[in-house]
Amino acid sequence: MSGEYPEFRLGSVLATSFTATLTERQGDSVERIPTPQRLADWLTVSGLAVDSCAPAQLERARELRESIHAAATATANGDPVPASARQVINDCSMQGRAAAILTEDGRRKWRLNSVEDALSVIAGDAIDILAGERDGRLALCASPTCRAAFFDTSQSRTRRWCEMNTCGNRQKKARFIANQRKNRNSERGQVKGSSSR
């Protein structure tokens, strides 16, 4: 993996981690899978390694990513999943022939022959989440520039940020700086008021 690209944001939920290959959706967006090889890199680090990826497969992957994001956003907002997003997710789920195998050390490993197989696993994960088959809730990052979809499995189900280390810290820092400015302006106003007496 090359240092010329932004790092991947990997979470514990496959489908929403996949949507995080495009970040800062409401600001200066950051594309984390700009090339077929970069998609293959993401699939590898996500346990879905494939031998190669063609440009058309990258386009299909991005179409799935955006469909999952649209469906997750609608679900988080309590709206119906758009029919076009549902269709892409279902099509990708049905087109693959991925097989889960149990390894010697008792873990699941995916046997994949193509990018389409990998996309079917991602689509299946999205379907589980969207259908409420997993314990948690879909939410949107509170950062006004991010708005990433994430799957909240916290005990209270009140998580606000897609990642505390990025969006959460950025918002905390912005609040801290705004409060410092406010305090400085308040102190200046008090000094002016006392010197005019």
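Q: Which residues lie nearest the centre of the second largest pocket?
A: Keep in mind that this is a predicted model. The pocket in question holds about 240 Å³ of space, and its lining runs to 16 residues. Nearest its centre you'll find Gly11, Ser17, Phe150, Arg159 and Cys162.

Q: Which element gives the largest share of the lining of the second largest pocket?
A: Two elements give two or more residues to this lining: H1 and strand E6 (149-152). The largest share is 3 residues, and it comes from E6.

Q: How many charged residues are in the lining of the second largest pocket?
A: Sort the lining by class and you get 8 nonpolar and 5 polar residues. What's left is the charged group, and that count is 3.

Q: Which element supplies the largest share of the lining of the largest pocket?
A: This pocket has a volume of about 440 Å³, with Leu14, Ser46, Gly47, Leu48 and Trp110 nearest its centre among 22 lining residues. H1, helix H2 (36-45), strand E4 (108-111) and H5 each give two or more residues to that lining. The largest share, 4 residues, comes from E4.

Q: Which helix gives the largest share of the lining of the largest cavity?
A: Three helices supply at least two lining residues each: H1 (14-19), H3 (55-76) and H5 (115-130). The lining itself is made up of Ala15, Thr16, Ile68, Ala72, Ala126, Ile129, Leu130 and Leu138. With 3 residues, the largest share comes from H5.

Q: How many charged residues does the lining of the largest cavity have?
A: This cavity has a volume of about 50 Å³. Its lining has 7 nonpolar residues and 1 polar residue. As for charged residues, there are none.

Note on methods. Residues numbered from 1 in each chain as written. Predicted model: local features only at pLDDT ≥ 70, side-chain atom pairs only at ≥ 80, totals over all residues. Heavy atoms only, no water. 1 Å grid on protein atoms, 1.4 Å probe; cavity = no way out; pocket = protein on both sides within 12 Å on 5 of 7 lines; lining within 4 Å. Points joined across faces, edges and corners; volume = space filled by probe spheres on them. Nonpolar A, V, L, I, M, F, W, Y, C, P; charged D, E, K, R; others polar.
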